[in-house]
Amino acid sequence: MFDDPSALALARFQFAFTVSFHFIFPAFSIGLASYLAVLEGLWLKTGRDVYLQLYRYWLKIFAIAFGMGVVSGIVMAYQFGSNWSAFSDRAGPVIGPLMAYEILSAFFLESGFLGVMLFGLDRVGKKLHFLATCLVAVGTTISAFWIIAVNSWMQTPAGFGIADNGQFFATDWLAVVFNPSMPYRLVHTLLGAYLTTALVVGAVGAYHLLKDRQSGRAGQPATRIMFAMAIAMVAVTPPLQVLAGHEHGVNTLEHQPAKVAAMEGHYESHDHAAPLILFGLPDDEAQVMRHRIEIPGLASLVLKHDIDAPTTGLDKVAPENRARVAFPFYAFRVMVGLGMLMLALGLWGAWAAWRGRLFDTPWLHRLAVALGPAGFIAVLAGWITTETGRQPFTIFGLMRTAESASPLAAPAVAASLIAFVVVYFFVFGVGTSFILKLMRSEPGPAGPAPSPDDAAEVGSLPPDAPFGFKLA
Amino acid sequence: MTALAPDPLLTLVWAGIIGTAIFVYVITDGFDLGIGIMFPWLEPGAERETAIATIKPVWDANQTWLVLGGGGVFAAFPLAFAILMPAVYAPLIAMLLGLIFRGVAFKYRARTKRVWLWDFAFFGGSTIAAFAQGLILGAILQGVKVDGRQYAGGWWDWLSPFSLLTGVSVVAAYTLLGACWLIWRTEHSVQDHAFRIAKQAGAASLAAVAAVSLATPFLNHDYFSHWFEAPGIYYSAPVPILVGIAAILFIRALARRAEIAPFVLAQCLFLLTFIGLGISIFPWAVPGAVTIWQAATLANAQSFMLVGVGVLLPVILGYTGYAYWLFRGKVGATGYA
């Protein structure tokens with residue numbers, strides 16, 4: 001077996017880097033596509049121009065974010081083969097078909113109707129255009145379904161057998177797709193995506209509310225509406241997400257107790273009343289959590305709903321099967337901490353709305369702006385928790401990461417890693433700066449004539465406008 | 001257990017499906033990339049904007065066929081995917097990075113004052129992606145070192161005079177496709193320019209096809225026997241003849257300034273080269289090492305996916321065709337300075 005530890009480490013870091021960057025974009029696109037569908041639906045239903053203004057505003061941002069998601073996604077599809085060829089060979093018979101379905105049922109749907117969505121406003125009737133927007137939103141959700149099915153099968157494999165040549169094969173496709181952890185992880189991921197988008201929309205709305213207040217201008221109605229919609233989402237979604245996350249955790253405890261032990265920082269098992277470790281410094285060498293701040297009994301209560309329940313620690317896991325504690329431990333705390341802040345924002349916003357002061361509470365707006373990026377950080381922290389907690393396996397309990405890599409020498413992987421890091425920071429940094437630039441202008445009625453910026457991107461123009469299409 | 005072995009017939013079907021997916025990618029994203037390759041030779045301003053406007057609504061869907069091609073190899077022939085991807089690591093990474101620059105350039109050049117930078121990214125990304133695809137093609141054709149179920153060669157094995165030739169050929173051929181697409185979809189000065197580019201790219205492509213066709217049979221004995229020995233020669237002999245006919249028709253179509261025929265004939269040329277490649281390579285998935293039956297995934301996976309393909313592929317073709325029809329017609333640009 002190819003066995004160069006530095007090449008393995010480089011390959012792992014490259015995958016982690018590229019997938020983290022990639023996931024930021026669908027985390028935003030999934031929610032934003034659905035939000036655009038809601039906006040367009042509201043415009044069609046009420047006829048109010050403010051919804052069209054918001055649609056066009058967020059459509060420009062969506063186009064950039066979606067584009068970045070697509071190009072970074074192609075990297076992921078090929079990276080399975082290029083850097084994890086042993087995994088692709090052995091797990092391919094099970095995972096390959098799921099990825100094929102993702103491409104066939106989701107990617108083509110999104111990319112096919114994206115063109116109509118971006119450039120077809122003047123070419124198709126309103127209802128057909130709305131259908132296109134909805135289909136793009138549906139496509140992003142179907143995509144999440146399949147990729148979560150793939151990743152969940154790696155965490156809680158089911159419905160399979162192993163052939164003599166080492167390849168995994170499916171014995172029951174329904175069990176493969178709807179494996180034990182999949183429904184929980186899908187709900188948790190989708191809620192995370194919607195929440196991420198809601199926080200961004202809320203931050204942009206809050207930013208403009210603050211700016212208008214400072215300059216003494218009366219703001220645009222569109223700003224108020226989008227801020228209110230965002231706060232509504234942030235009020236409703238975090239409680240649901242806490243519930244979904246908890247159920248997900250209980251499910252993980254059943255199927256991947258070693259991962260929960262690492263997440264909780266439980267080096268040692270407890271007969272009863274296991275403490276919830278809020279913070280500490282994990283020491284993997286000594287298998288001890290140093291400088292811990294903990295709440296007695298709470299872990300047993302949270303994990304098993306019974307303060308006297310025993311918990312499994314890493315001491316019950318064979319040493320070669322233990323994950324490094326630091327990553328899942330810290331990442332989990334980051335995610336939960338941000339989740340608490342999101343809850344707080346939602347509650348405060350709901351209370352302010354109930355008191356009729358939603359648009360007049362500057363500190364609420366400042367918190368909303370500060371939490372704009374919180375969704376992205378939280379989803380990344382969540383992914384780091386679940387993936388590093390799965391180590392040292394790629395297929396939990398069955399195939400180790402160390403035996404999954406391609407036979408590539410370290411210099412090759414180092415070169416590609418450097419290339420990805422440089423390109424990604426540059427390209428996606430530029431893209432993010434364009435999105436931020438778009439966000440700095442307030443949504444509102446379109447100006448007297450479309451500027452070249454608008455024209456070049458969103459194609460709703462009279463036929464003789466610059467870059468317009470003419471029918472032959 | 002029969003489910004543990006690939007089904008021989010389904011394997012052939014899947015080889016056909018993957019080949020078709022890759023072919024559709026090449027003839028659609030081919031012209032997207034071709035326009036990128038010729039970008040520096042198009043006038044900044046109206047000419048470039050018109051050219052890029054012709055593909056803005058369709059390029060993303062076109063590129064998705066690349067994901068189906070690669071993902072399809074992963075799904076249907078995982079052993080081949082596992083051996084070949086590391087073997088072509090460097091050009092593969094280059095292609096992915098090129099596609100990133102090409103893809104974001106569409107959006108970024110509309111949002112920036114530094115249009116020249118993202119026009120260059122559009123050109124550079126497209127050219128690198130096309131060249132890398134050609135390198136990968138050549139590297140696969142010439143064969144890779146295999147040990148058991150793994151790639152066993154070095155970091156530079158993919159680089160050879162042959163793969164450089166195929167790399168350049170793909171760049172020329174995509175430029176041809178892009179020019180023919182522009183002939184069809186533009187008018188006046190842009191179309192005139194496209195006719196001129198099509199003539200040059202056509203000559204380069206035909207020379208490339210000839211060179212690659214002459215070199216390929218000498219890469220290994222299988223290719224040689226498919227082309228020059230019975231019974232392969234009965235299948236292979238018509239191909240150069242048809243290529244010649246297509247070439248003559250193409251030259252005449254350009255001369256009489258036909259608008260659609262050049263594009264159709266360029267596609268025919270691509271189809272013939274694809275058939276030629278198929279003739280050479282069949283039945284290898286990894287030439288000289290692994291046949292399609294050895295690389296194929298297990299029968300229950302083949303049939304599980306086939307159901308999806310059977311239902312979804314016609315649907316995909318349907319709405320893709322609809323999008324092309326929706327954005328039909330000449331693309332104009334007026335007065336942009």
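Is R390(A) buried or exposed, given its relative accessibility? At 5% relative accessibility R390(A) counts as buried, where buried means under 20% relative accessible area, exposed means over 50%, and partly exposed lies in between (1.4 Å probe, protein chains only). This is a predicted model, in which local features need pLDDT of at least 70 and side-chain atom pairs count only at pLDDT 80 or more, while totals for chains, interfaces and linings use all residues; side-chain values use heavy atoms, with hydrogens and water left out. Residues are numbered from 1 along each chain as its sequence is written, and chains are lettered from A and ligands numbered from 1 in the order in which they are written.

**Salt bridges**

- Over all chains the count comes to 15 salt bridges, a salt bridge being a side-chain nitrogen of Lys or Arg within 4 Å of a carboxyl oxygen of Asp or Glu.
- R390(A) is joined in a salt bridge to E387(A), with 3.1 Å between the closest N and O atoms; because these two residues stand three residues apart in helix α12 (residues 374–390) of chain A, about one helical turn separates them. Helices (H or I, at least four residues) and strands (E, at least two) are DSSP runs, numbered from the N terminus.
- In chain B, R102(B) pairs with D29(B) in a salt bridge whose closest N and O atoms are 2.9 Å apart. R102(B) belongs to helix α5 (residues 89–108) of chain B and D29(B) to helix α1 (residues 8–37) of chain B, so the pair ties together parts that are 73 residues apart in sequence. Both R102(B) and D29(B) are buried.
- E268(A) and R292(A) also meet through their side chains in a salt bridge, at 3.4 Å from N to O. Since E268(A) sits in the loop between α8 (257–264) and β3 (276–283) of chain A, and R292(A) in strand β4 (residues 288–295) of chain A, this pair ties together parts that are 24 residues apart in sequence. E268(A) counts as partly exposed at 26% relative accessibility, and R292(A) counts as partly exposed at 32%.
- A network of salt bridges links R48(B), E49(B), R109(B) and D119(B).

**Surface charge**

- A patch of positive charge on the surface gathers K211(A), K437(A), R440(A) and K113(B). Such patches are made of residues with over 30% relative accessible area and no salt bridge, with like charges joined within 9 Å and nonpolar side chains (Val, Leu, Ile, Met, Phe, Trp, Tyr) within 5 Å.
- I277(A) is found in strand β3 of chain A and, at 1% relative accessibility, counts as buried.

**Chain B as a whole**

- Chain B has 14 helices and four strands, and 60% of its 337 residues count as buried.
- The C-alpha trace of chain B spans about 70 × 40 × 40 Å along its principal axes. A compact globule with 337 residues would have a radius of gyration near 20 Å, and the 20 Å of chain B agrees with this; the radius is taken over C-alpha atoms, and the globule rule is 2.2 Å times the number of residues to the power 0.38.
- Helix α4 (residues 78–87) of chain B is mostly covered, with ten of its ten residues buried, including F81(B), I83(B) and M85(B).

**Backbone geometry**

- Most residues other than glycine have a negative phi, and most peptide bonds are trans.
- The peptide bond from Q391(A) to P392(A) is cis, with omega near 5°, and P392(A) lies in the loop between α12 and β5 (393–395) of chain A.
- The bond from F282(B) to P283(B) is likewise a cis peptide bond, with omega near 0°, and P283(B) is in the loop between α12 (261–281) and β3 (284–286) of chain B.
- Q287(A), which is not a glycine, has a positive phi of about 60° and lies in the loop between β3 and β4 of chain A.
- R257(B), a residue other than glycine, has a positive phi near 60°; R257(B) is found in the loop between α11 (238–255) and α12 of chain B, and at 41% relative accessibility R257(B) counts as partly exposed.

Conventions: Areas by Shrake-Rupley, 256 points an atom, 1.4 Å probe, with all protein chains shown as cover. Lys, Arg positive; Asp, Glu negative; His and termini not counted. Charge placed at Lys NZ, Arg CZ, Asp CG, Glu CD.
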